[in-house]
Amino acid sequence: MSMMPSSLEGQFLIAMPNLKGPYFERAVVYLCSHSEDGAMGLVINHISSQITFPDLLRQVDVLREGEDMINLPMPLRRMDVLDGGPVDQGRGFVLHSSDYKLESSTLAVSDDVCLTATVEILRALAEGRGPSSALLTLGYAGWSPGQLEDELQNNSWLTCSADTSLLFECAPEKRYEASLRLMGIDISMLSSEAGHA
C-alpha cells in the first residue's frame, strides 16, 4: 500500500544528492500541478545566467530600451530571473501571492500561492499594481504520468509542505538549505546512497 499522497500540488520537491544535471542538482521545485496526467513545477532556486530581469522586461516591452530601473518598484529592482526547468524556456511563469488574480489566466495553486504566465502580470508588477510577492522563472519542469512517482520511489526527491516565506522572502541561493532545515534535515547528513525500507 502506498503512503504517498494522491497529489503533491503546492508542495516542495527537494533534490537528493544523487540527482545530477544542470536543472535538478540541488534543486527546490514548487509543484504547481500533480495528477494522474503528470506533474508540472518550477525550480525556484537556480538563478538564470542568461538574462537579467530588466533585460527581460525590455524584451517584452514592459520597459522601453534605455528606460531606467529606477522607475520600477523597489522589490522589482532586485528580482532575479530563475531557471524554472528544461521545458518551454522561452516562456515566463510568475509564482505570486494570492492578492492578485487575472480572471482568465491565473491558476490558484494553494490558498496562498498563484501562478500566472502572461505579460500582463509583468506590466502590473512594473506599475506597482501587481501581487505583493512574486518570483519569475523561465521554463518549467514537467513529468509524464507516473514519472514523478517513480523518481520519488527511487529516492530522487524529498517532499515537504511549501513555506511561503521561503518561497518569496528567502534569497534563491539559500532556498535549498532552508528547505532542508524546514524538514529538520542537516545537509551533511544526506547520503546519495539512500536505502529502501
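**W143 and its rings**

I started at W143. In this predicted model, W143 has a relative accessible area of 6%, so I noted the residue as buried.

I then looked at the count of aromatic pairs, which comes to five. One of them joins F24 and W143. The ring centres of F24 and W143 lie 6.3 Å apart, with 35° between the planes. F24 belongs to the loop between β1 and β2, and W143 to strand β8. The two are 119 residues apart, so I marked the pair as a link between distant parts of the chain; the cut-off for a buried residue, under 20%, I kept in mind for W143.

Which residues make up the cluster of ring pairs around W143? I found F24, W143 and W157 linked there.

**F93 and Y140**

Next I checked the rings of F93 and Y140. Their centres are 5.5 Å apart and their planes meet at 75°, so I logged this pair as edge-to-face. It also links distant parts of the chain. F93 is in strand β5 (residues 87–97), Y140 is in strand β8, and 47 residues separate them.

Is F93 buried or exposed? F93 is buried, at a relative accessible area of 4%. Y140 has 21% relative accessibility. The limit for a buried residue is under 20%, so Y140 counts as partly exposed.

**Strand β1**

I moved to β1, residues 11–15. Five of its five residues are buried, so the strand is largely enclosed by the rest of the structure. I looked at each face in turn. Q11, L13 and A15 are buried on one side. F12 and I14 are buried on the other. Both faces are therefore covered, as I would expect from the burial of the strand's five residues.

Which strands pair with β1? One is β9 (residues 157–161), antiparallel to β1 over five bridges. The other I noted is β2 (residues 28–35), joined to β1 by three bridges and also antiparallel. I followed L13 across to both neighbours. In β9, L13 has T159 as its bridge partner. In β2, L13 stands opposite V29.

**Helix α6**

I listed the buried residues of α6 (residues 175–182). They are R175, Y176, A178, S179 and L180. What do these buried residues pack against? I found β1, β2, β4 (81–83), β8 (134–143), β9 and α5 (164–168). Just after α6, I noted G184 with a positive phi of about 80°.

**Salt bridges**

I counted five salt bridges in the structure. Side chains of opposite charge can pair when their charged atoms come close.

E177 and R26 meet in one of them, at 2.3 Å from N to O. E177 is in helix α6, while R26 is in the loop between β1 and β2. I looked up the exposure of both. E177 is at 25% relative accessibility and counts as partly exposed. R26 is at 37% and also counts as partly exposed.

K20 and E25 form another salt bridge, 3.9 Å from N to O. The cut-off is within 4 Å, so I kept the pair. Are K20 and E25 exposed or partly exposed? K20, at 55% relative accessibility, counts as exposed. E25, at 35%, counts as partly exposed.

R129 forms a salt bridge with E120, and their closest N and O atoms are 2.9 Å apart. R129 is partly exposed, with a relative accessible area of 42%. E120 is partly exposed too, at 28%. I then found that E120, E127 and R129 are linked in a network of salt bridges.

**Confidence**

Last, I checked the pLDDT. The protein averages 88, and 89% of the residues score at least 70. Where does the pLDDT fall below 50? I marked residues 193–197. Beyond near neighbours in sequence, that stretch has six contacts in the model. Where pLDDT is low, the predicted coordinates should not be read in detail.

Terms used:
Residues numbered from 1 in each chain as written. Heavy atoms only, no water. pLDDT = per-residue confidence, 0-100. Contact = heavy atoms within 4.5 Å. Buried < 20%, exposed > 50% of the residue type's maximum accessible area, 1.4 Å probe, protein only. Helix = DSSP H or I, 4+ residues; strand = E, 2+ residues; numbered from the N terminus. Pairing = 2+ DSSP bridges. Salt bridge = Lys/Arg side-chain N within 4 Å of Asp/Glu carboxyl O. Phe/Tyr/Trp six-rings, centres within 6.5 Å; stacked < 30°, edge-to-face > 60°.
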